[in-house]
Amino acid sequence: MSRPRLGVFGLTGCAGDQLVLLNCEDELPELACLTEVRDFLMASSANDACGELDVALVEGAVAGRRDEERLRAIRRRSKTLVAIGSCAVWGGVSAAETPDRHADRLAEVYGPAGLCYDSAPARPLRELVRVDWSLPGCPIEKHELLELMAHLLEGNLPPPADRPVCAECRMAENDCLLARGAAVCCGPLTVGGCRARCPEMGVPCIGCRGLLEDANLPGALEVFERSGLPRQAVLAKIRTFGAGAPAGGAL
Amino acid sequence: MRVIRVEPLARVEGHGGITVELDEGGLSRVEFDIFEGIRLLETVVRGRSAEDVSPIVSRICAICSAAHALTSLKATEAAFGVQVSPQTVLLRELLLRGENIQSHALHFFCLALPDYLGAPGVIALAAERPREVQLGLRLKKLGNLIQETVGGRAVHPVNAVPGGFARLPGVEQLVGLRRALEQGLRDAEAAVELAASLPSPAACRAETAYAAAGGGPDYSYYGGDEAILLEGDQRRVFPAWDYRRLTNERSAPHSHARHSAFNGRAFMLGALARLAVRKDQLSPRVRRLMESLGLEAPSPDPLDNNKAQIVELAEDVAWAAETVDRLLDQGWREEPRVEVRPAAGRGVALTEAPRGLLVHSYVYDEQGRLLKADVVTPTAINTASIEERFRAAVEQAGGEEPAELTRRLELIARAYDPCLSCSVHVVRRADAR
């Protein structure tokens, strides 16, 4: 197979997922040989900004007209589009607040000038274009990115992730933070793949990888409430990474 | 009218551009444009409890996520009147040194070096100069290893929490890190040699003012409780709580007036600024490093910030090696985190992020919920200084081809190592004209 033509793009976010790619220091030289990096603005000033791509890795949320136009243009030129990172997959931290308050928040941070900016409530990529694969995480995990690249080089995609962080945490035989009852640990609700990075260190999971499709949210809220953790605080926490948990009264 | 436009500006973090307009009367407009999307994280943290704040604000920026996370903790702890242990302070400093190594290696080798060696980017450079690129990647990896060892992750650390650390590094981890630092010391030396051998492209020469955090021990990034402004020979000291008098951000709609300036004067932040502001306290080692690069601080050449980053990188690797040695030699205490009792209060923290002075200022209510957050990032402050240097470059240009002037402007912008994700929530955006 010829070398796949690759584009790496950032919309609105912290560039953390592109940084994880650049942090693959051991693998980067080989990756650069196995692929043909055509468009990667953060790494090169000689980019082909229009030509067809086999794979586009897109980080960040869509937070305005400019992002939207760029995303549609990337979609048009790419055979496979991968959303990398929780902002691209879920909206991320900038989608933590409900969209209806966007204008107020803009005015609060920027003053009246804020209302003139090209700014809209942050949305995940899939609300605007077809997304062929989603790699969540804030930031994405290096081993998952490399696994994905290996699959893409073979012309296919990895198996879908369907395990919660909790499962990986138990396999690591960590002391259960939920059982201790003191903290909101989002492990049971959150898409796994991070090898329970936070609970492994004794830090409760903050749900940065987003809600599992079949997460038992009412059940988890009941467990949290039994431990005396207020429902509103729990929901706010779950919503932090924009994973679309229902608003306060919805449950 | 002649117009120079660079959009998008490559090899920087985030989305930016350059606009320069010249009419018969001379320069009419000089702008460093920022197109980065708005995220409004200041409003996301409102109402949150202390433990939630640091992980959210660290997402302002990935490359300096440790600086944001730790500055946030420092501000929260100041608001609650919590004093962390000296060991916690030492490990937080080590974490920031790791971040600085990572960030400077990324910027110097992957973003700036291609300009000096005539390549469009690091991938092309890797084919022509594999040794130099490998050297940079090894140093970058070392910085990440320090961050992983202390912070639990290279991007957005998870281990630093209010009151201390969730888990202290283990012996094997520190032994492994020490081994990597051994190679790192040799690599840092090679980086200094490489930086010393590079050509000095002409971009512009213009004196400027500088600011950096002060009052901390040694060449500290984490310590310090004041900001120092250096203007010529004059030094002004601003206590942390009074940071606004220095940063003085003004929002002006539809104009490019939104700048940080003190008495109307722009000032530069970052590695070169730290060396300039801390000139009288520099250790013999740092002085030697500066000498081997022929670097003086202050310097009228903004591109000297690239060399200053290599001085810091070498100093940080040496400091980290000494610190890890001492930890392995003297041991460290398995101390619990200091209890953080929420209390109403205001906390302001200053630190040095890789790109310069970073301020987080918080107000909490009596239940320990965040009422108000103000974050001032180095790139936001540097914007005015970048534009001042653009202006100098255009004024000093003597009939060069537009392509050459464009190249100079790009060199200047890149030398400030701008981080546009960081800057966006405080500087004007280009579309607001």
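1. Ala15(A) sits in the loop between strand E1 (5–10) and H1 of chain A. Although Ala15(A) is not a glycine, its phi is positive, at about 70°. Helices (H or I, at least four residues) and strands (E, at least two) are DSSP runs, numbered from the N terminus.

2. This is a predicted model, in which local features need pLDDT of at least 70 and side-chain atom pairs count only at pLDDT 80 or more, while totals for chains, interfaces and linings use all residues. Residues are numbered from 1 along each chain as its sequence is written, chains are lettered from A and ligands numbered from 1 in the order in which they are written, and side-chain values use heavy atoms, with hydrogens and water left out.

3. The interface joins 56 residues of chain A to 65 residues of chain B, contact meaning heavy atoms within 4.5 Å. About 5100 Å² is buried between chain A and chain B, 60% of it on carbon and sulfur atoms. Buried area here is the accessible area (1.4 Å probe) that two parts lose on being put together, summed over both. On the chain A side, Glu25(A), Tyr110(A) and Met201(A) lose the most area to chain B, together 14% of what that side buries.

4. Six salt bridges are counted between chain A and chain B. A salt bridge is a side-chain nitrogen of Lys or Arg within 4 Å of a carboxyl oxygen of Asp or Glu. Glu25(A) is paired in this way with Lys140(B), their closest N and O atoms being 3.1 Å apart.

5. Several helices of chain A each supply at least two residues of the side that touches chain B, among them H1 (16–22), H3 (65–77) and H5 (102–110). H5(A) gives the largest share of that side, six residues. By class, the side of chain A that touches chain B has 32 nonpolar, 11 polar and 13 charged residues. Ala, Val, Leu, Ile, Met, Phe, Trp, Tyr, Cys and Pro count as nonpolar, Asp, Glu, Lys and Arg as charged, and the others, Gly among them, as polar.

6. Over all chains, the structure holds 52 salt bridges. In one of them, Arg197(A) meets Glu141(A) at 2.7 Å, N to O. Arg197(A) lies in helix H9 of chain A and Glu141(A) in the loop between strand E5 (133–135) and helix H6 (142–153) of chain A, so the pair ties together parts that are 56 residues apart in sequence.

7. In chain B, the axes of helix H6 (residues 130–151) and helix H7 (residues 171–197) come within 9 Å and cross at roughly 145°. Axes are lines fitted to C-alpha atoms, for helices over the stretch in contact, and angles run from 0 to 180 degrees between N-to-C directions. The contact of H6(B) with H7(B) has 13 nonpolar, four polar and three charged residues.

8. Two cis peptide bonds in chain B deserve a look. One runs from Glu7(B) to Pro8(B), with omega near 0°, and Pro8(B) lies in the loop between strand E1 (2–6) and strand E2 (16–23) of chain B. Another runs from Ala297(B) to Pro298(B), also with omega near 0°; Pro298(B) is in the loop between helix H10 (284–293) and H11 of chain B.
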